Amino acid sequence: MVGVTLPIVKHSYLITDINDIPRIVKEAFYIAQSGRPGPVVLDFPKNVQQEKTRPVWPTLEEVKAGLRNYNPELQAGDTELNEIIGLIENSERPVLYCGGGIITSGAAEELRKFAESTQIPVTTTLMGIGGFPEEHPLSLRWLGMHGAAFANWAVNGEFAHRSGFKEPMVKLKDGAYLLLAFGVRFDDRVTGKFTEFCKTGTIVHVDIDASEHNKNKRAHLAVHGDLKDALSRLNALIERRGGIKRRFPAWHAQVAEWKEKAPFRFGLTPEIANSDHMKDHMVGVEDQVILPQMVLQELYRLTKGDAYITTGVGQHQMWAGQWYKYKFPRQFITSAGLGSMGFGFPSALGIKVAHPDKQVVDIDGDGSFLMNVQELATAWVEKIAAKAIILNNQHLGMVVQWEDNFFGGNRGHTYLGNPENRKQIYPDYVRVCTSFNVPCERVMYRKDLTAALERMLASETAYVLDVVTPYSEHVLPFIPAGQTVADMKW
Ligand SMILES: Cc1cc2nc3c(=O)[nH]c(=O)nc-3n(C[C@H](O)[C@H](O)[C@H](O)COP(=O)(O)OP(=O)(O)OC[C@H]3O[C@@H](n4cnc5c(N)ncnc54)[C@H](O)[C@@H]3O)c2cc1C
Ligand SMILES: Cc1ncc(C[n+]2csc(CCOP(=O)(O)OP(=O)(O)O)c2C)c(N)n1
Ligand SMILES: [Mg+2]
């Protein structure tokens, strides 16, 4: 078992002696939560489970002393922090690119203070969403494959759209000259083709895990340390010197122009209303089609942006990132990198248990929701009032998007409905959910959406809303894998 988990978790233990349990459990919690947090597996054989002993619990100090080769309390050097301040003072087009490290290190407040005092625009990764309030004037939302066009331009520069990957890249405007990469790992879904990412910028990379430095992209200044500590000390340094002298009015004007030019957007086309599973239901009421983005917009309005949102994996996940705006860390819980379909509903249950007074909504895909459908029983048996919205496009929508873009629309088992009756919405989630005693209703027409969302939000038990949406909608912006900002469709 440990042999299987070793390469994919932070640490694994095989317990062979019952007297080791107190130490191992305490170490496991310490390792999981400190430094770069990550899962720790305990393999607990049945013969050891059946033995008896009297536990002797070590103190945290004893645990730390026993882990001599593990030092998660790393601090950036003073020289490096001063160097960062010098780079800001000498820079013209700075951008903060912040990720999951802001959230795991608990540095959101420090980041906000730093951004406000330096006036540097902030973009986050998908994992960094909530690390900086998205309604803040300095927010560029998130960047990458499906991130905001204006965030991608701010980092990489604006290029004329080219129709083929082999055509030359024609630059229209420069992007960042200084990229402050804080707690990010330059994932390829963010960078696209590594050599073209932030080509004109000096890159500073602060990370607690040295193996992330220069992994995908060379950093001009690699800083090894905890981000909360680094940001608090940067803020103190700035305060001590009476603030940052440099201001960036021309850069802010450029960013504002980009935001105006390419906000997230969507529109209803005849092709969309003609989506196979919908067209029979939409005759004469084509304007009643519900697009997935509309559901999120309306949910955002009704919950005033305060709900916790979880997701499965797919198009719905990207729309949940784009059309709900996040204010605080861990408000958006998504499996991101090694995205696991089925993640949404169980995560929503966990968050609701931790925050019983908060609204928790899983934005799910029909494919993803089915992968952990048995969790409806957990919701009922444990009385957990988490909500789920299935953006039901009757397809593995994200895969369909790739089929349409790269494989001539050839379908490889991405239709999830009933091939013998395409008009039928299949499976019937109302019957699936109510068979678990969890109330569920289906919505298909726009006129019914708001009231249905209100009923879901008002419910004191778990509740599922099955919203039927077209499958022909694509997530935009879109930078195809391994390509560049010049290839971005938006
Ligand atoms: C279909 C699909 C599309 C996607 N599209 C996008 C996209 O458009 N944009 C996007 O951003 N992502 C996208 N993703 C997610 C993407 O794959 C990555 O999961 C994500 O970009 C990684 O975010 P991150 O760089 O913040 O890294 P994380 O995985 O959050 O890593 C955090 C980094 O912070 C460091 N760190 C942790 N703790 C500390 C600390 N205390 N101090 C300092 N450093 C610390 C870690 O060492 C690590 O380097 C997509 C995923 C899917 C499934
Ligand atoms: C367990 C698992 N299997 C397969 C995939 C690959 N995959 C990524 S997105 C996707 C389609 C998801 O469909 P759905 O949940 O209906 O979401 P939609 O894209 O339609 O919004 C698939 C199959 C995955 N991420 N996880
Ligand atoms: Mg789907």
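Is Asn-437 counted as buried, exposed or partly exposed? I counted 13 C-beta neighbours inside 10 Å, so Asn-437 goes down as partly exposed. The cut-offs I used are 20 or more other C-beta atoms within 10 Å for buried, 12 or fewer for exposed, and partly exposed in between, with C-beta atoms placed from the backbone.

**Entry 1. Ground rules**

I am working on a predicted model, where local features need pLDDT of at least 70, side-chain atom pairs count only at pLDDT 80 or more, and totals for chains, interfaces and linings use all residues. Residues are numbered from 1 along each chain as its sequence is written, while chains are lettered from A and ligands numbered from 1 in the order in which they are written.

I went back to Asn-437 for its backbone: phi is near 70°, a positive value in a residue other than glycine. I placed Asn-437 in the loop between helix 20 and strand 15 (440-443). Helices (H or I, at least four residues) and strands (E, at least two) are DSSP runs, numbered from the N terminus.

I noted Phe-186 for a positive phi too, near 45°, again in a residue other than glycine. Phe-186 sits in the loop between strand 8 and helix 9. Phe-186 has 24 C-beta neighbours inside 10 Å and therefore counts as buried.

I then looked up cis peptide bonds. One joins Tyr-426 and Pro-427, with omega about -5°. Pro-427 belongs to the loop between helix 19 and helix 20 (429-434). Another cis bond runs from Leu-476 to Pro-477, with omega near -10°. I found Pro-477 in the segment after strand 16 (463-468).

I traced an open sheet of six strands in the order 5-4-3-8-9-10, with parallel pairing. Strand 5 (139-142) and strand 10 are at the edges with a single partner strand each, so one side of each has no neighbour in the sheet. On average, neighbouring strands of this sheet are turned by 15° against each other, direction ignored. Two strands are taken as paired if DSSP finds at least two bridges between them.

I checked strand 9 (residues 202-207) on both sides. Strand 8 (residues 178-182) runs parallel to strand 9 and is joined to it by five bridges. Leu-179 has Ile-203 of strand 9 as its bridge partner. On strand 10 (residues 221-224), the parallel pairing with strand 9 covers four bridges. There, His-205 has Ala-222 of strand 10 as its bridge partner.

Why is strand 9 largely enclosed by the rest of the structure? Five of its six residues are buried, which is the reason.

I also looked at strand 3 (residues 94-98) and strand 4 (residues 122-124), which run parallel and are joined by three bridges. Cys-98 is opposite Thr-124 of strand 4.

**Entry 2. Helix packing**

I recorded helix 8 (residues 149-156) against helix 11 (residues 249-261): the angle is about 145° and the axes are 8 Å apart. Axes are lines fitted to C-alpha atoms, for helices over the stretch in contact, and angles run from 0 to 180 degrees between N-to-C directions. Helix 8 supplies Phe-150, Trp-153 and Ala-154 to the contact, and helix 11 supplies Val-255, Trp-258 and Lys-259. I sorted the residues of this contact by class into five nonpolar, no polar and one charged. Residues are in contact if their C-beta atoms, placed from the backbone, lie within 7 Å. Ala, Val, Leu, Ile, Met, Phe, Trp, Tyr, Cys and Pro count as nonpolar, Asp, Glu, Lys and Arg as charged, and the others, Gly among them, as polar.

In helix 16 (residues 344-354), I found several buried residues, including Phe-345, Leu-349 and Ile-351. The buried residues of helix 16 pack against several elements, among them strand 11 (308-311), strand 13 (360-365) and helix 18 (375-381).

**Entry 3. Ligand shells**

I listed 32 residues around ligand 1, the closest being Gly-99, Gly-100, Gly-101, Ser-105 and Gly-144. A residue is near a molecule if its C-beta atom, placed from the backbone, lies within 6 Å of it. Helix 6 gives the most to this shell, three residues. The shell of ligand 1 divides into 11 nonpolar, 13 polar and eight charged residues.

For ligand 2 I listed 20 residues, the closest being Gly-314, Gly-365, Gly-367, Ser-368 and Gly-397. Helix 17 provides the largest share of the shell around ligand 2, four residues. By class, the shell of ligand 2 holds seven nonpolar, 12 polar and one charged residues.

Methods. Contact = placed C-beta atoms within 7 Å.
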